Amino acid sequence: MKRRPALGALAVTAALALGLSACGGESTTPKSESTGGGTSAAPAQAEFNAAMTAVFNPSTKKGGTLKLANSGDWDSLDPADTYYGYSWNFIRLYGRALTMFKSAPGAEGSKVVGDLAQDLGKPSEDFKTWTYTLRDGLKYEDGSPITAKDVAYAIARAFDKETFPNGPTYLNDMLDWPKDYKGVYKSKDVDFSSAIETPDDKTVVFHLKQPYSGFDYITQMSPTMPVPKDKDTGAKYREHVISSGPYMFEKNEIGKGFTLTRNPNWDPATDPNRPALPDKIEVQTNVNADDLDNRLLSGDIHVDIAGTGVQPAAMSKILPDPALKARTDNPTLQRLWYTSISPTVKPLDNIDCRKAVEYAADKTGYQAAYGGEFSGGQIATSLLPPSIPGAEKIDLYPSADGTGDLAKAKEHLAACGQPDGFETNIAYRAERPKEKATAEALQQSLARVGIKLTLKPYPQADYFSLYAGKPPFVVENKLGLALNGWGTDYPDGYGFLQQITHSSVIRDTGGSSNISVRIPDVDKMLDDSLLEADAQKREPMWAAVDKRVMEEAVILPGVWAKSLLLRGQGVTNVFISDSQQMYDYVGMGVE
């Protein structure tokens with residue numbers, strides 16, 4: 001999860017809100033080379049990495065249908081219940097949060113600006129109270145006004161992780177909620193003003209339990225997108241989300257796809273961040289990954305929405321062909337592909353059995369499954385990608401060439417009472433060929449020391465809510481290993497680590513983004529980090545968390561990610577922003 005594709009090719013803005021400029025009213029439409037009147041410039045010359053730090057094929061032309069496809073399906077279209085990175089990128093087309101990452105190429109795209117809010121939040125001197133003022137004239141798709149109470153209601157409904165198992169828990173953890181609060185359905189009519197106040201229709205005031213200077217990063221997340229109480233249908237809201245953005249749902253066939261059309265009550269005067277170029281946006285889901293790549297190559301679709309790069313079959317066509325390679329971009333990401341090692345599944349409840357997995361794994365096979373060093377990434381030895389501020393070199397389970405240390409693996413197998421190895425299962429997302437290839441590579445490499453893996457594929461949409469992220473299912477089905485991936489929620493060690501290493505994120509009801517780390521020391525280190533308001537002073541804390549997790553051998557790092565993205569034919573305003581680490585969908589148009 002954020003499960004999220006994360007911040008790529010980074011010139012990271014390491015400071016949190018203390019270091020961000022107040023640019024909420026600034027237009028973020030990509031600069032265009034087009035002539036006046038909404039016409040396009042001459043077709044852009046395709047070049048390798050042309051969209052990495054600049055806008056490729058810029059245009060202000062409106063119209064046409066932008067076509068996207070997904071090899072799997074959404075966890076949910078509900079802003080309270082989604083945590084895939086491509087979803088957070090795409091959701092900004094039909095939903096508006098209090099703040100948002102600027103829609104701009106490169107490092108400029110990692111700046112936070114006001115969205116529903118006029119500007120960034122106004123913190124109190126102790127950073128425990130944050131106040132946001134909404135813009136004038138905000139409306140839903142039906143023409144009704146968007147108010148501060150709608151934002152507060154949306155956040156309070158997202159608190160309920162039984163109804164909405166996916167999505168981040170930052171606001172659940174940070175705000176001063178009433179004791180035993182369970183959300184708007186189970187704690188109906190309970191006053192939650194200790195956490196969020198709305199003194200008038202335009203003002204939202206947050207009360208934090210502890211100071212946090214980076215709160216503007218939290219308010220750009222989808223749970224702050226407004227929901228009108230009288231239109232809320234609970235778990236069924238995913239079937240028709242009421243739009244606050246430039247597009248609304250024309251139809252939604254869950255499992256097949258959906259179509260967005262223009263929202264007639266979206267007023268561009270209230271939204272300097274979205275150019276809203278296409279007239280219509282069509283999304284197909286559950287498209288075979290290799291077929292998706294072929295359709296992208298042929299021009300039948302414009303965008304692979306998952307944003308994790310082409311599959312090996314397409315890569316073998318693209319890289320030798322200069323014309324096709326010129327249509328690609330190769331970003332380095334703040335993302336880790338990894339395997340969760342569950343200490344709740346025997347014999348992996350024994351740390352030496354877990355360390356045997358760490359030593360036996362052939363990381364070169366992991367890397368090859370994702371496309372090799374060029375498009376897969378660098379072999380990882382710990383959690384934090386090198387570009388995260390505070391990351392340090394940590395390698396507790398070294399091998400000379402990345403292929404493993406079988407002698408050490410056997411030593412730890414003997415220490416855990418399994419000298420001949422053991423059997424367990426490994427979960428992966430069925431629609432992702434790279435994950436299947438990774439599971440097969442681990443199956444082969446661990447077999448060298450007698451560890452026998454049985455592959456268990458599960459659907460992407462429910463992978464975390466029903467399967468790998470649901471602790472009782474993990475134990476019952478002996479999922480000792482589970483393939484995983486994580487991209488930073490925002491450019492800071494806390495934004496990378498908290499949701500995959502803090503035990504409070506683990507929920508028996510499912511939807512857990514942390515599925516293997518239960519370490520009290522780590523919980524305390526992360527909690528204590530919130531007491532430090534200075535971002536730079538927090539940086540040394542992240543390596544300490546990283547090392548402590550690795551000491552317990554509950555995560556097998558695989559690859560610090562890269563990807564090979566293919567630009568669709570006829571797409572305008574194509575660029576990779578550091579916040580999305582894939583093509584930014586807000587600015588896109590179509591010729």
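**Exercise 1.** Decide whether serine 342 is buried or exposed, and find what surrounds serine 342.

*Solution.* Buried means under 20% relative accessible area, exposed over 50%, and partly exposed in between (1.4 Å probe, protein chains only). The relative accessible area of serine 342 is 3%, so serine 342 is buried. Then list the contacts (heavy atoms within 4.5 Å). Apart from neighbours within four places in sequence, serine 342 touches Leu348, Val474, Leu479, Gly480 and Ser516.

The model is predicted: local features need pLDDT of at least 70, side-chain atom pairs count only at pLDDT 80 or more, and totals for chains, interfaces and linings use all residues. Residues are numbered from 1 along each chain as its sequence is written, and side-chain values use heavy atoms, with hydrogens and water left out.

**Exercise 2.** Compare the span of helix H17 with its expected span, and find what its buried residues pack against.

*Solution.* H17 (residues 535-551) has 17 residues. Now take the buried residues, among them Trp542, Val545 and Val549. The buried residues of H17 pack against helix H8 (351-360), helix H15 (493-501), helix H16 (520-529) and strand E18 (555-562).

**Exercise 3.** State where leucine 319 lies and classify its accessibility.

*Solution.* Leucine 319 is in the loop between helix H6 (312-318) and helix H7 (322-325). Its relative accessibility is 33%, so leucine 319 counts as partly exposed.

Technical notes. Helix = DSSP H or I, 4+ residues; strand = E, 2+ residues; numbered from the N terminus. Expected span 1.5 Å × (residues − 1).
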